[in-house]
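Subject: Handover of a structure

Dear colleague,

Please find the sequence and the structure below. I would be grateful if you read the notes that follow with the structure open beside them.

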Amino acid sequence: MSHFSSFNYRNNQLYVEDVPLAAIAAEFGTPCYIYSSAAIRSAYQAFEHAFGQRNHLICYAVKANSNLAVLNLLARLGSGFDIVSGGELQRVLKAGGDPQKTVFSGVGKTREEMRAALAANILCFNVESEMELITLNEIAGQMKKIAPTSLRVNPDVDANTHPYISTGLKENKFGIPAAEAERIYALAQQLPNIRIAGLDCHIGSQLTEIEPFIEAAHKMLDLLKRLQTMHITIEHLDLGGGLGVRYDQETPPTITEYIKALCTATEDYPQQQLLIEPGRSMVGNAGILLTQVCYLKHSPYRNFAIVDAAMNDLLRPTLYQAYHAIQSTTKRDAEEKLYQIVGPVCETGDFLGHDRRLALAKDDLLAIMSAGAYGMSMSSNYNTRPRAAEIMVEGDAVHLVRARETVEDLYALEKIPS
Ligand SMILES: *Cc1c(COP(=O)(O)O)cnc(C)c1O
């Protein structure tokens with residue numbers, strides 16, 4: 001099975017599930033994000049099945065794709081959530097997610113965000129510094145609540161991924177240094193409005209090997225043992241997210257291999273519930289960005305296809321030099337040329353793909369593949385470009401799950417001083 005299992009050609013036309021992409025463009029315009037609910041469901045179920053009888057909770061990392069329809073689909077499947085802001089908490093609640101299955105990560109939770117999460121009775125705060133711990137205790141005290149807490153410990157393992165998305169090295173801003181974890185757990189034990197619930201780590205994103213995850217798990221278990229001798233009970237072990245997906249030629253472990261390996265690494269600790277926080281691997285290959293060719297421009301040096309999507313819609317190529325496969329929605333027997341696929345934004349960094357061999361004509365539709373994660377959620381309004389529409393497909397049903405923004409939406413909050 002291809003890694004784009006829900007996006008296939010039928011009679012030379014690219015379909016999402018049972019719907020031709022061209023039909024979606026005709027109805028909703030371009031650029032638009034299109035998600036396959038079947039692909040999301042099948043990723044969730046792969047995680048769920050791989051855990052088998054192991055006590056576990058899947059907490060989908062909301063920041064990968066925070067559309068309410070995506071969150072609602074996952075909530076209905078039984079998923080929990082990993083949030084990194086008060087805004088994401090509000091989305092989870094709005095989408096029907098269960099706060100009792102929600103963990104709150106992030107290095108800079110504000111007091112207000114802590115209050116909202118305490119009021120919602122979330123499952124756990126993943127605390128990233130001593131000062132945050134003390135603040136959480138204070139806020140919980142004011143609210144006469146007890147805050148369920150994990151410390152996010154930085155295991156200092158190299159995830160071998162892009163430096164911007166590597167988070168588990170000792171020089172990164174994330175987590176509490178392993179050497180300080182016991183001292184801060186001992187402090188947490190003394191704080192009246194903190195209840196120690198778990199132990200947490202997250203080492204990075206788009207990991208394509210299993211070894212760093214296992215190394216981190218072993219370091220967490222060593223720490224867990226030491227905490228047990230201090231009479232600190234760890235109810236759950238949160239091993240974070242970070243499983244990579246295939247964008248090009250990468251060969252990340254499958255969801256099943258990854259979960260089986262985590263279960264094996266932790267098999268001597270069946271009392272501890274295992275939590276994971278997958279984002280990209282849940283939705284990355286379940287979505288595409290559909291864009292239309294505006295112009296073709298041929299110079300003696302290069303061929304450009306100027307499309308109606310840009311870096312404001314999909315930042316990953318510009319930000320990380322990330323590769324996204326690009327497919328024409330119509331397969332045709334014309335001559336292929338080497339194209340630079342670029343957007344209309346006034347930045348040389350505004351590209352979606354370099355050196356792509358395609359047979360193109362004006363008005364063709366291109367599918368930027370694997371755009372379900374960190375696509376729409378990282379989009380912006382740079383160049384006063386209204387954000388793309390979002391569409392979710394289920395079999396032959398097409399649902400608009402976020403309307404295209406209008407320019408009026410963009411300046412609605414602005415004022416000219418009188
Ligand atoms: C971003 C993030 C995740 C999700 O990472 P993916 O690579 O999308 O799986 C999980 N946990 C935390 C704390 C994160 O910051």
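Gly 141 counts as partly exposed because its relative accessibility is 27%; buried means under 20% relative accessible area, exposed means over 50%, and partly exposed lies in between (1.4 Å probe, protein chains only). Gly 141 belongs to helix H6, where helices (H or I, at least four residues) and strands (E, at least two) are DSSP runs numbered from the N terminus. Although Gly 141 and Ile 194 are 53 residues apart along the chain, 8.9 Å separates their C-alpha atoms.

Two notes on the basis of these values are needed here. The model is predicted, so local features need pLDDT of at least 70 and side-chain atom pairs count only at pLDDT 80 or more, while totals for chains, interfaces and linings use all residues. Residues are numbered from 1 along each chain as its sequence is written, and side-chain values use heavy atoms, with hydrogens and water left out.

The buried residues of H7 (residues 178-190) are Ala 181, Ile 184, Tyr 185 and Ala 188.

Domains and cores

The domain assignment gives domain 1 (7-36 + 284-411) and domain 2 (105-278); such bounds come from an automatic or database domain assignment. The centres of the two domains, taken over C-alpha atoms, are separated by 36 Å. Nine residues of domain 1 are in contact with seven residues of domain 2, where contact means heavy atoms within 4.5 Å.

A nonpolar core is a set of buried Ala, Val, Leu, Ile, Met, Phe, Trp, Tyr and Cys residues joined through side-chain atoms within 4.5 Å. Which members of the largest nonpolar core touch the most other members? Of its 100 residues, they are Tyr 60, Phe 125, Leu 199, Ile 259, Met 282 and Ile 341. Helix H8 (residues 211-229) gives the most to this core, with nine residues. At least three residues of the core come from each of domain 1 and domain 2. A second, separate core has 20 residues, including Val 16, Ile 288, Ala 389 and Val 393.

Leaving aside neighbours within four places in sequence, Phe 125 is in contact with residues that include Phe 104, Lys 109, Met 114 and Leu 136. A charge sits over a ring if NZ of Lys or CZ of Arg is within 6 Å of the ring centre and within 35 degrees of the ring normal. Lys 331 likewise lies over the face of Tyr 9, at 4.3 Å from the ring centre.

Aromatic pairs

The structure holds four aromatic pairs. Rings of Phe, Tyr and Trp (its six-membered ring) pair if their centres lie within 6.5 Å; planes under 30 degrees apart count as stacked, over 60 as edge-to-face and the rest as tilted. Tyr 33 and Tyr 35 form a stacked pair, 6.3 Å centre to centre with 20° between the planes. Tyr 33 counts as buried because its relative accessibility is 0%, and Tyr 35 counts as buried at 2%.

Annotated positions

UniProt positions are given in the numbering used here, feature names are shortened, and annotations may be inferred rather than shown by experiment. In an unreviewed UniProt entry, "binding site" covers Arg 280, Arg 316, Tyr 320, Glu 347 and Tyr 374. These residues span 95 residues in sequence, and their farthest two C-alpha atoms are 27.0 Å apart, so they do not all gather at one spot.

Is Tyr 374 buried or exposed? At 10% relative accessibility, Tyr 374 is buried. It lies in the loop between strand S19 (365-368) and strand S20 (389-394). Beyond four places in sequence, Tyr 374 is in contact with Lys 63, Ala 64, Arg 280, Leu 314 and Arg 316.

Glu 347 is found in the loop between strand S17 (337-342) and strand S18 (351-358), and it is partly exposed at 37% relative accessibility. The unreviewed UniProt entry places "active site" at Cys 346, which is in the loop between S17 and S18 and is exposed at 65%. Thr 348 is found in the loop between S17 and S18 and is exposed at 81%.

Yours sincerely
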